[in-house]
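Take a look at the chain below.

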Amino acid sequence: MTEIQELSQFLTLDMRLDVKAVALQQTLGLTGTTDGRHLLINTPCIVKNLCQLLSDSQNSIAKDASLALINLSADEEIVPALLAEATNIVEHMLKIISNPEHNLADPACMVLSNLTRTKLGSEKVFQSMEGNLDKYVDIFCQEKYNKKGARLHYLASVLANLSQLPAVRSYILDPSRSCLQRLVSFTDYKDSISRRGAILGLIKNCCFETDHHEFLLSEAVDLLPKLLIPLAGPEEFDEEDNDKLPIDLQYLGEEKTREPDPDIRKMLLEALTQLCATKFGREYLRSKNTYVILRELHKWEKNENNLVILEHLVNILIRFEHEIGHDNLKELEVPDEIIEKFNALEPAL
């Protein structure tokens with residue numbers, strides 16, 4: 001029996017506390033190195049035992065077990081082994097997240113966020129949700145769902161990662177559900193950059209589904225204002241320009257500030273660019289005077305990468321449809337100056 005196998009024997013709920021604590025500290029230390037993680041993942045029962053210790057009556061034990069699982073799940077090389085049926089790690093995490101009385105819901109979200117960065121992990125998690133993504137959207141949207149103070153911000157990352165799967169995008173974009181409508185309200189969420197950014201990543205992925213552009217821009221979802229408000233500043237427009245804007249963007253006030261994070265602004269611009277892939281999307285954005293918001297943003301934006309995307313987006317909007325000549329830009333082989341941006345952007349985490 002190896003030392004690691006001996007170690008695993010002490011990681012059980014009924015082990016004496018002092019022995020268990022020492023064994024767990026050694027295990028946690030091993031998760032901090034690549035070699036250590038590979039040793040642990042190749043040892044039967046280690047992951048399963050760590051999952052069981054999440055229910056330990058001693059909070060310090062349960063917390064250290066959660067930290068070890070976070071470290072293990074962050075290593076993409078061992079994710080397939082973590083997802084093996086014998087570990088039940090996904091089921092353990094979903095059960096914790098669903099329990100409003102569990103004080104380790106945030107670490108459980110972090111573990112699933114790590115696992116779902118891979119396609120295999122996303123498929124496993126979605127499968128384990130048993131087709132009931134709405135349940136977790138509901139949990140996510142209730143800011144005080146967890147009674148132990150967990151904020152569940154990283155559940156946003158789980159949902160965003162899952163949206164790399166076509167099946168999940170189809171689920172989210174199903175007009176018979178209210179899934180997307182509930183999530184878009186977090187595009188301007190002030191209390192958490194991780195929650196705000198992840199939901200925008202999910203929305204951007206959904207914008208790749210050109211068949212759903214009319215639904216995304218319909219009153220049912222009303223996505224355009226949700227994407228433009230974070231990009232809008234305190235500028236005032238003349239009456240004619242102002243009246244053409246979506247009602248939510250009229251008279252924002254002199255205290256209005258733009259999204260401070262350049263990566264989130266990039267996602268907002270990329271989502272708008274995807275909506276311009278279709279003639280319907282382009283014409284809708286023009287009709288809502290999107291250009292004036294982008295024009296003022298261009299004067300303010302300092303990030304060079306964002307300026308490139310912004311200028312490309314404006315170039316599409318100011319062109320006449322007969323100059324573009326195609327309904328869906330994604331079906332084009334040419335012209336390169338328009339299509340290259342769409343090809344460069346793929347549904348991502």
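This is a predicted model: local features need pLDDT of at least 70, side-chain atom pairs count only at pLDDT 80 or more; totals for chains, interfaces and linings use all residues.

Residues are numbered from 1 along each chain as its sequence is written, and side-chain values use heavy atoms, with hydrogens and water left out.

Start with the secondary structure. The chain has 23 helices and 0 strands. Both are DSSP runs, numbered from the N terminus: helices are H or I with at least four residues, strands are E with at least two. Along its principal axes, the C-alpha trace spans about 75 × 45 × 40 Å.

Next, burial and surface. The chain holds 349 residues, and 54% of them count as buried. Buried means under 20% relative accessible area, exposed means over 50%, and partly exposed lies in between (1.4 Å probe, protein chains only).

Contacts mean heavy atoms within 4.5 Å. Take the contacts with a separation of 6 or more: residues 24 or more positions apart account for 71% of them.

Now the domains. The assignment gives domain 1 (1-84), domain 2 (88-207) and domain 3 (232-331). Such bounds come from an automatic or database domain assignment. Between the C-alpha centres of domain 1 and domain 3 there are 49 Å.

An unreviewed entry annotates residues 97-266 as "domain: Protein HGH1 N-terminal". UniProt positions are given in the numbering used here, feature names are shortened, and annotations may be inferred rather than shown by experiment. Residues 97-266 are 52% helix and 0% strand, and their end C-alpha atoms lie 30 Å apart.

Finish in helix α20, which covers residues 290-300 and contains Thr 290. Is Thr 290 buried or exposed? Thr 290 counts as buried because its relative accessibility is 1%. Neighbours within four places in sequence aside, Thr 290 is in contact with Leu 224, Leu 228, Leu 285 and Leu 317.

Lys 299 also sits in helix α20. With a relative accessible area of 58%, Lys 299 is exposed. Lys 299 and Gln 142 are 157 residues apart in sequence, and 38 Å separates them in space, C-alpha to C-alpha.
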